[in-house]
Amino acid sequence: MKSANTPDPERKQQLKDIALEWFARKGYHNTKISDIVKTAGVSQGTFYWYFESKEKMTLELIRSGKDKLVETIATGYRKEPGTVEDMDVSTRKLLTELFRFAESERHLMVLLLIKGQGADPAVQEAVSQTWQAFGQAFRTNIERASELGMLPDSPGVELRTLLLSSLIEGTISKWLFGPEHDVDYVPVYTAEQMAHAAARFEFYGLIGEPG
C-alpha cells in the first residue's frame, strides 16, 4: 500500500496527460491548474505535490518529448557504409518510428508545433530548443553518412539539414492536424505510408523511384 506521502507515478502521468490535452484544445495560457485538477478529480494540493507550477510541469513535458524525438532520430545513425538502397530502407524505418511517435503523442505535438506559440518565455524557449535538437539530430546522421562516403559533397550538410528537418517537421504538422490545425483531424494516411513517401521524396524527389 502506498503511503499518503509517497508519489504515485500513475497519478503524475495522469495529470501530465490531462494537461497536454487541455493545452492542445485550449492553449497553454487559457488552461488553468483548476481545469487540470477538476478533470483529474483531485485537489489543487495534489497538483502541487507533483509540480511546482504549470510552467514547470510543461517544461518537464517538453524535455521528455525532446529526448524521445532525438532518441528516435538517433536510431538512424550509421556505423557502416552502404548503398543508396540501404539508406532508403534505414530512413524509412527511422521515419516510420518518428511518425508513429508523433501519432501516439498527438497532444504533445500540438504543443510543440502550434499551441506553444504565445506561451511563457521559458516554454517558448523549451519548444525552440526541442526543434533545434531535432535538427541537430538529423545533422548528426547526415554528417555520418557524408563521412562514410554515402552522400555526395553537394549540397552541404547545412543545407541538407535545413531541407530535411523542415520537410519532416512541416509534414508531421499537416499530416496530423490538416490545413486548419485541427486537434481532432483524422489523418488520411498511416504513419507507415507517410514515412515511406517522405523517404522516397528525400532520396528521389518529385520524379519518384527509378524504374
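Biologist: How many salt bridges does the structure hold?
Modeller: The structure holds ten salt bridges. Keep in mind that this is a predicted model.

Biologist: What makes K12 and E60 a salt bridge?
Modeller: The cut-off is 4 Å between a side-chain nitrogen of Lys or Arg and a carboxyl oxygen of Asp or Glu. In K12 and E60 the closest N and O atoms are 3.2 Å apart. That is within 4 Å, so the pair counts as a salt bridge.

Biologist: Which parts of the chain does that pair link?
Modeller: Distant ones. K12 is in helix α1, and E60 is in helix α4, residues 54-74. The two are 48 residues apart.

Biologist: Why is K12 called partly exposed?
Modeller: Buried means under 20% relative accessible area, and exposed means over 50%. K12 has 26%, so it falls in between and counts as partly exposed.

Biologist: What about E60, and why is it called partly exposed?
Modeller: E60 has a relative accessible area of 25%. This value also lies between 20% and 50%, so E60 is partly exposed.

Biologist: How do you know that R139 and E143 form a salt bridge?
Modeller: Their closest N and O atoms are 3.0 Å apart. The limit is 4 Å, so the pair qualifies. R139 and E143 both lie in helix α7, residues 121-147. They are four residues apart, about one turn of the helix.

Biologist: Why are R139 and E143 called partly exposed?
Modeller: R139 is at 22% relative accessibility, and E143 has a relative accessible area of 28%.

Biologist: What makes E147 and R144 a salt bridge?
Modeller: The closest N and O atoms of E147 and R144 are 3.3 Å apart. That is within 4 Å, so it counts. E147 and R144 both lie in helix α7, three residues apart, about one turn of the helix.

Biologist: Why is E147 called exposed?
Modeller: E147 has a relative accessible area of 58%. Exposed means over 50%, so E147 is exposed. As for shared partners, salt bridges join K12, K16 and E60 into one network.

Biologist: Now helix α1 again. Why is I18 called buried?
Modeller: I18 has a relative accessible area of 12%. Buried means under 20%, so I18 is buried. Its place is in helix α1, residues 9-26.

Biologist: What does I18 touch, beyond residues up to four places away in sequence?
Modeller: I18 touches I36, T39 and A40. I18 and H107 are 89 residues apart in sequence, and their C-alpha atoms are 9.6 Å apart in space.

Biologist: Which residues form a nonpolar patch on the surface?
Modeller: L159, L162 and L163 do, with about 290 Å² of accessible area together. L159 is found in helix α8, residues 157-177.

Biologist: Step back to the whole protein. How many helices and strands does it have?
Modeller: The protein has nine helices and zero strands. Buried residues make up 42% of its 211 residues. Its C-alpha atoms fill a box of roughly 60 × 35 × 35 Å, taken along the principal axes.

Conventions
Residues are numbered from 1 along each chain as its sequence is written. This is a predicted model: local features need pLDDT of at least 70, side-chain atom pairs count only at pLDDT 80 or more; totals for chains, interfaces and linings use all residues. Side-chain values use heavy atoms; hydrogens and water are left out. Patches are made of residues with over 30% relative accessible area and no salt bridge: like charges are joined within 9 Å, nonpolar side chains (Val, Leu, Ile, Met, Phe, Trp, Tyr) within 5 Å. Accessible areas come from the Shrake-Rupley method with a 1.4 Å probe; for residues, only the protein chains shown count as cover. Buried means under 20% relative accessible area, exposed over 50%, partly exposed in between (1.4 Å probe, protein chains only). Contact means heavy atoms within 4.5 Å.
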